[in-house]
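Here is a short tour of one protein model, written to be read with the structure open beside you. Take a moment to find your way around before reading on.

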Amino acid sequence: MAVDLLLGLQWGDEGKGKIVDVLTSKYNIIARFQGGPNAGHTLVFNGKKHVLHTIPSGIFHDKATNLVGNGVVIDPVIFKKELDKLAEQDVDYKKSLLISRKAHIILPTHRLLDAASEASKGKAKIGSTLKGIGPTYMDKTGRNGLRVGDLELDNWKEKYRALANKHESMIDFYNVDIQYDLKELETEFFAAVKVLKSLKFIDSEEYIYQAQKSGQSILAEGAQGSLLDIDFGTYPFVTSSNTTAAGACTGLGVAPNQIGEVFGIFKAYTTRVGSGPFPTELFDADGEMMAKVGQEFGATTGRARRCGWLDLVALKYACQVNGVTQLMMMKADVLSGFKTLKVATAYKYKGETITHLPFNIEPENIEPIYSDFKGWTADLTEMSEASTLPKELNDYIDFLEKELELPITIVSVGPDRKQTIFR
């Protein structure tokens with residue numbers, strides 16, 4: 001049975017966690033395929049908000065198996081905190097949570113390296129979440145990393161010590177003032193590792209292969225967004241993993257011809273956290289209103305998100321590189337009250353008009369070309385049927401479907417799982 005895939009099409013924060021939660025009842029297995037605790041997937045149901053960082057967003061469903069795949073990097077300390085919160089809500093995670101032996105582990109020194117590297121860049125900072133993600137992936141590709149499966153070996157602490165010692169010498173190289181007490185950090189780390197080892201470790205690629213053979217349905221859950229992909233994002237202001245559909249193949253061990261539906265999620269407008277180019281960014285009252293109504297603050301870092309109009313050039317690009325088959329539009333309710341909406345349909349790039357995403361979209365090279373749409377004033381948050389949506393919103397959706405040549409099958413009108421309209 002083919003593996004369906006769900007991923008973000010912008011710079012992250014599109015609302016992937018909510019949609020995974022909504023769709024989980026249709027799947028036997030939910031599998032995270034990349035990223036780590038730099039992700040913040042927010043779920044709202046029964047009047048409560050839940051934020052997950054590494055654990056798949058299907059964890060609150062009793063019948064679903066949740067798998068952390070080989071492409072994910074795991075910080076045992078943050079992971080333990082997530083497990084503690086699940087335990088407080090009587091979630092039996094030991095029954096439903098599986099960890100790939102090939103997933104890499106974030107060490108305390110990875111986080112210190114991240115902080116030292118970012119501090120050394122001064123004004124050229126990339127806006128790292130400082131969770132140790134980049135240094136961990138660097139160790140992975142440098143063939144130095146510590147993996148979950150190593151924790152089952154007798155000499156895993158020796159491997160840990162050798163890598164941590166190497167990191168400390170690298171921190172000294174950056175020559176920045178990073179204050180830390182490694183012994184204190186390690187006490188917390190080793191306690192968290194003990195909890196991690198109480199979970200079930202598996203050879204995940206074999207597990208998924210056998211699950212497919214037996215006809216189980218699988219949804220691969222992405223983190224971050226396509227425009228943060230290490231290869232196809234706005235480099236160097238990107239994350240350290242492949243956030244596109246290709247990343248699901250390498251992050252889970254799934255063959256490319258085994259990918260089924262590709263669900264692409266985007267906001268009705270655009271946001272970005274951290275540094276990097278953002279052609280449609282707003283610095284006016286409209287941008288402030290989007291941020292306020294949309295509560296645009298990062299679930300992981302708490303940082304304010306930058307807001308702007310929908311960028312159709314970038315969105316088309318993301319659909320192309322991912323092979324998207326269905327679209328899901330989030331936060332349509334946030335745009336209620338805007339008299340006029342704008343959509344960037346092309347760029348003026350070095351004197352010519354283009355409709356594709358070029359190599360460089362820094363502001364000195366790019367000027368968005370907008371199309372205007374009439375806004376709506378209706379409160380969407382209580383609506384539950386597509387037929388009740390205002391005409392102006394349906395016109396907006398129709399235009400996007402025509403331009404993107406893809407169906408928008410879900411429209412989200414609020415943070416709660418109930419505030420989801422299927423079209």
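The sections below cover a helix, a pocket, a cavity and a strand residue.

## About the model

This is a predicted model, in which local features need pLDDT of at least 70 and side-chain atom pairs count only at pLDDT 80 or more, while totals for chains, interfaces and linings use all residues. Residues are numbered from 1 along each chain as its sequence is written, and side-chain values use heavy atoms, with hydrogens and water left out.

## Helix α2

Let's begin with α2, which covers residues 76-88. Helices here are DSSP runs of H or I with at least four residues, and strands are runs of E with at least two, numbered from the N terminus. The 13 residues of α2 reach 18 Å from first C-alpha to last, close to the 18 Å expected at 1.5 Å a residue (the expected span is 1.5 Å times one less than the number of residues).

Just after the helix, Asp-90 takes a positive phi of about 60°. The buried residues of α2 are Pro-76, Val-77, Ile-78, Phe-79, Glu-82, Leu-83 and Leu-86 (buried means under 20% relative accessible area with a 1.4 Å probe, protein chains only).

## The second largest pocket

A pocket is an open set of points on a 1 Å grid over the protein atoms alone, with protein on both sides within 12 Å along at least five of seven lines; lining residues have an atom within 4 Å of a point. This pocket has a volume of about 390 Å³. Of its 21 lining residues, Val-51, His-53, Lys-81, Glu-82 and Lys-85 are the closest to its centre.

Strand β4 (48-52), α2 and α7 (182-196) each supply at least two lining residues.

## The largest cavity

A cavity is a set of grid points where a 1.4 Å probe fits but cannot get out. The largest cavity has a volume of about 40 Å³, and its lining consists of Leu-9, Gln-10, Trp-11, Leu-227, Thr-270, Asp-311, Ala-314 and Leu-315.

## Thr-271 in strand β12

Thr-271 sits in β12 (residues 270-272). Is Thr-271 buried or exposed? Thr-271 is buried, with a relative accessible area of 1%. Leaving aside residues up to four places away in sequence, Thr-271 touches Trp-11, Gly-12, Asp-13, Phe-278, Glu-296, Arg-305, Arg-306 and Cys-307 (contact means heavy atoms within 4.5 Å).

How values were computed. Buried < 20%, exposed > 50% of the residue type's maximum accessible area, 1.4 Å probe, protein only. Points joined across faces, edges and corners; volume = space filled by probe spheres on them.
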